[in-house]
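Subject: Structure for your reading

Dear colleague,

Please find below the structure that I would like to hand over to you. My notes on what was found in it follow directly after it.

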Amino acid sequence: MASVTMGLEEFIDEQGGHSAEVLSRAGLTSRLYQSPNRHISLKHYINSMHEAALSTGNEHFGLWFGEQFEPEGLGLFGFHAMTSPDLRSAIEGMQEYFPIFQRNSLLQMEVKEGICQLEYRLLDGEIMDRRQDAELTLGMLNNVLKRAMGTHGSPLEVHFQHPALVDAQQHRQAFHCDIRFHQERNVILFRESCLDLPMPDAHQMLNNVTLGSIRELAGLVEQTLTTVQRAKSEIIALLPDGEASLDHVARRLNLSSRTLQRQLAAEKQSFKRLVDEVREELAVCYLNYERLSVSEIAYRLGYSDVSAFTHAFMRWKDVSPSDWRMQ
């Protein structure tokens with residue numbers, strides 16, 4: 001929802017960037033927050049984080065914008081969480097109605113041995129560079145947790161799927177806990193006992209009002225992902241472990257392998273070609289981060305050695321990965 005742009009233009013300008021230019025390059029317009037329940041393009045919003053990082057020279061832009069973002073800025077979604085009786089109710093509501101707030105994404109919590117794991121996942125495979133979005137979103141979610149835990153409360157750990165593309169010291173400053181990169185999921189971990197903490201702004205009437213409005217919006221929201229987009233997202237997640245096979249992807253989509261092949265064919269795509277396209281797009285994305293060596297990029301793309309990756313990159317771009325990075 002457009003409510004997530006609340007304070008974005010001011011934050012860009014405060015950081016020394018040019019908000020009008022940033023939004024224009026990202027495909028957005030100014031003052032979108034004035035229509036908070038309007039849906040905007042998730043891809044364009046994520047692009048605005050990348051453009052803002054370039055404009056401000058702050059490679060941690062998404063991290064710090066999320067860290068300072070007040071939950072009320074999430075609009076109906078945020079107010080419903082803030083007026084819930086306790087943290088458990090707040091998270092359950094966010095989990096249930098997250099597809100209304102942000103399409104083509106997933107928010108879910110599971111509890112194991114007294115530890116809560118609050119996971120955020122993108123389902124749209126057209127979005128390759130997910131770093132700014134993950135850091136932004138986990139920062140926003142952490143601010144909801146802090147309302148119940150208090151200013152001195154903090155998670156146990158925060159996990160990110162992406163590798164440590166930049167210096168992680170600022171991540172530890174933002175979350176006040178151990179940060180782990182190159183993990184299976186984007187997750188905030190905290191103690192189960194925190195779920196019973198009361199929300200300081202609990203208000204039953206306002207909570208019912210926001211819930212009614214959210215349910216009205218639910219009838220207007222459509223999930224628009226194609227099979228190709230869903231499959232690409234799963235391939236992105238599976239490549240680093242070398243498990244981006246047809247069978248694995250189909251299983252994660254709750255489809256048979258034959259059904260997945262048939263649906264891809266209906267969209268004029270094959271699984272083999274799809275994996276190749278994802279690898280090419282991710283390779284270009286990762287080569288923008290100098291902290292990642294070519295060998296590490298090859299590993300994250302599921303190649304057994306650097307030579308196999310180099311050969312594939314030469315086929316895509318007619319130049320080696322190292323030369324591409326230098327250019």
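In this predicted model, helix 6 passes helix 7 in a right-handed crossing. Helix 6 covers residues 87–101 and helix 7 covers residues 131–149. Their axes lie 10 Å apart, and the packing angle is about 160 degrees. An angle over 145 degrees counts as roughly antiparallel, so helix 6 is roughly antiparallel to helix 7. On the side of helix 6, the contact is made by Leu87, Ile91 and Met94. Helix 7 contributes Leu141, Val144, Leu145 and Ala148.

How do helix 4 and helix 7 cross? Their axes come within 7 Å, at an angle of roughly 20 degrees. The two helices are therefore roughly parallel to each other. Here too the crossing is right-handed, with helix 4 passing helix 7. Helix 4 makes this contact through Phe61, Gly62, Leu63, Phe65, Gly66, Glu67 and Gln68. From helix 7 come Gln132, Glu135, Leu136, Gly139, Met140, Asn143 and Lys146.

The contact involves Val228, Ala231, Lys232, Ile235 and Ile236 of helix 10. On helix 13 it involves Phe271, Leu274, Val275, Val278, Glu281 and Leu282. Helix 10 passes helix 13 in a right-handed crossing.

I turn next to the aromatic residues. A pair of aromatic rings is described by the distance of the centres and the angle of the planes. The structure holds 14 aromatic pairs. One of them joins Phe65 and Phe69, with 5.5 Å from centre to centre and 70 degrees between the planes, an edge-to-face arrangement. Are these two residues buried or exposed? Phe65 has a relative accessibility of 0% and therefore counts as buried. Phe69, at 3%, counts as buried as well.

Another pair is made by Tyr303 and Phe309, whose ring centres are 5.8 Å apart. Their planes stand at 40 degrees, so the pair is tilted. Tyr303 is buried, with a relative accessible area of 14%, and Phe309 is buried at 0% relative accessibility. Tyr303 and Phe309 also belong to one aromatic cluster together with Phe313, Trp316 and Trp324.

Pro85 is placed in the loop between helix 5 (76–82) and helix 6. With a relative accessibility of 43%, Pro85 counts as partly exposed. Which residues does Pro85 touch, not counting residues up to four places away in sequence? They are Pro198, Met199 and Ala202. Between Pro85 and His152 there are 21 Å in space, C-alpha to C-alpha, and the two are 67 residues apart in sequence.

Lastly, there are two backbone angles to examine. Most residues other than glycine have a negative phi. Arg31 has a positive phi of about 60 degrees although it is not a glycine. Arg31 lies in the loop between helix 2 (19–26) and helix 3, and it counts as exposed at 51% relative accessibility. His176 is likewise not a glycine, and its phi is positive at about 55 degrees. The loop that holds His176 runs between helix 8 and strand 4 (178–180). His176 is exposed, with a relative accessible area of 56%.

Yours sincerely,
A colleague

Definitions and conventions
Residues numbered from 1 in each chain as written. Predicted model: local features only at pLDDT ≥ 70, side-chain atom pairs only at ≥ 80, totals over all residues. Heavy atoms only, no water. Phe/Tyr/Trp six-rings, centres within 6.5 Å; stacked < 30°, edge-to-face > 60°. Buried < 20%, exposed > 50% of the residue type's maximum accessible area, 1.4 Å probe, protein only. Left-handed = near helix turned anticlockwise from the far one by under 90°. Helix = DSSP H or I, 4+ residues; strand = E, 2+ residues; numbered from the N terminus. Contact = heavy atoms within 4.5 Å. Axes fitted to C-alpha atoms, helices over the stretch in contact; angles between N-to-C directions. Parallel < 35°, antiparallel > 145°, perpendicular 65-115°, else oblique.
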